[in-house]
Number of protein chains: 2
Amino acid sequence: MLKLKEERHQFILDEIRANNKVLSSELSTRLKVSEDTIRRDLRELSDLGAIRRVHGGAVKNNNEINLEDHSDSSAYIPFSYEDREVYSKSKKEKIAEKAVSLLRDDDVILIDGGTTNLELAKRIPKDYKGTIITNCLPIATKLVEHRFVDVYFLGGRILPNALVTVGHSVIQELKEIRADICFLGTRSIDVQRGITDIDRVEVEVKMAMSKSAENVVSVASSDKLFTNQPFLCVSSKNVTTLITELDPNEAALRPFVENGTKVL
Amino acid sequence: MLKLKEERHQFILDEIRANNKVLSSELSTRLKVSEDTIRRDLRELSDLGAIRRVHGGAVKNNNEINLEDHSDSSAYIPFSYEDREVYSKSKKEKIAEKAVSLLRDDDVILIDGGTTNLELAKRIPKDYKGTIITNCLPIATKLVEHRFVDVYFLGGRILPNALVTVGHSVIQELKEIRADICFLGTRSIDVQRGITDIDRVEVEVKMAMSKSAENVVSVASSDKLFTNQPFLCVSSKNVTTLITELDPNEAALRPFVENGTKVL
DNA sequence: ACTTAATTTGCACGTTTATGCATGTTCAGT
DNA sequence: ACTGAACATGCATAAACGTGCAAATTAAGT
């Protein structure tokens, strides 16, 4: 059965995504744990913002965005983002904090999709002044709140799960762009190969992004280190900076430093 | 069935969105709870400002958050129950409802920005199948929820107020597109000139959109009729269809019909 | 392997919430 | 004004909830 708490959490998220709701009582019997445990699970997931608790269970948190209310300060986390890594929010925050420190006024910045980059977008100071180019819907939506930021969106077909645009037009537009920094959401990074990912069309976009930027910054929680995916985004030598939630002096990061990558 | 209070609330809101009214008695039987419970639900939703309670049930509350639209102050004038059905529907919703009726499966649809078009996007059936191209951030965000819709976003600089993209790239991408219908948010429309607007860069995009579509549909509340703005979007003869909240036989719409424009 | 610390879980307890029913009141339409 | 339906209010009950605590499990260090 599902013995680990994490498995239950995943199960609950899946269930909510499928049915838009869960009942504490039902979960208790199906997962064979007490309702108290279920309630604790729901509380934890709710604290992460992944679900919304209600009396009797929990429901999908449908924080919608509309024209009347785009000042919405509450976090907009699309569903499919959650199954990637909800449990490491504090990691993402640490990473985002470091990433923001790289920003200089009047920079031209490329931001890829992913929850960490969304976190980064949220943490950009309200008075930051610069140009930001992205292909990620929620990130763009977040950034329009910044008065002094010019936001450009890269057009193309929208992947409903990742909420990023992909395709020929994105890549074409990127060819006409010269950015100072590019923040790449990273599924896997390895000292030898570099940044790799699983979806071919997303990889093509990430690749084009990295080529259009002076500095390529990989934002990656430590569990992505030394892992591999089928498709290469950015070869190792072209990754300028690596940001993880770890201390830069951590032994695990040593190989990257020796390889010439800056580590934050 | 619907065990959570939250689900009932959602059901009630959906029901009101679709029919503009709900009956306590009907909800009681359909949701299999006592009328008291229904009344409590309605009270809570009413306290949140989501609906307006009336004797027998509840209706849509018309206090638009939109500052520009004070014409709906008629909401405070008491009216009989039958009239309520007519008046409780906001202009935008009536328009959106008519617009949705134009959709055919497998169409390629262009949707411009604006609150009315957002309302349209919200009302597209969840099982609609087709391709939708837009330059409006909230509309795209709404549409990704539709499993069978391919959403394409037109990239460019984002106008923070209108939340649409504009500029050369948008127009360039539009040139490579052939759509069946184009829904244009309309600030002003006149029998002689056609659709006009105030912002030059937005106008350029709207113009390009209209040229890329077989049918050009203007969505415009009646107060936009017979008004003018400095820049021409679409000349009168190129407007295929006009949708307002009025009855198509209304005298005010006669000139458009005589001019060869379909009126819904 | 053994011990210790930390986490997770279930249970007991009292508290809150949700719901239906009974009561009397208000409403709307003849 | 009369009448039945819709309503508000108070109350009872069961389910869901939070909390503290102890047992059980897991993780970590030696």
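Modeller: B:F226 lies in the loop between β12 and β13 of chain B; strands here are DSSP runs of E with at least two residues, numbered from the N terminus. This is a predicted model, in which local features need pLDDT of at least 70 and side-chain atom pairs count only at pLDDT 80 or more, while totals for chains, interfaces and linings use all residues. Residues are numbered from 1 along each chain as its sequence is written, chains are lettered from A and ligands numbered from 1 in the order written, and side-chain values use heavy atoms, with hydrogens and water left out.

B:F226 has a positive phi of about 60 degrees, although it is not a glycine. Most residues other than glycine have a negative phi. With a relative accessible area of 40%, B:F226 is partly exposed, the class between buried (under 20%) and exposed (over 50%), using a 1.4 Å probe and protein chains only.

B:S221 also sits in this loop, which runs between β12 (213-219) and β13 (231-235). B:S221 is buried, because its relative accessible area is 12%. Its side chain makes a polar contact of 2.6 Å with that of B:D223; such a contact is an N or O pair within 3.5 Å, where one atom can donate a hydrogen and the other accept it, and residues adjacent in sequence count only if both atoms are side-chain atoms. Leaving aside residues up to four places away in sequence, B:S221 touches B:K91, B:I95 and B:E245, with contact meaning heavy atoms within 4.5 Å.

Terms used. Helices (H or I, at least four residues) and strands (E, at least two) are DSSP runs, numbered from the N terminus.
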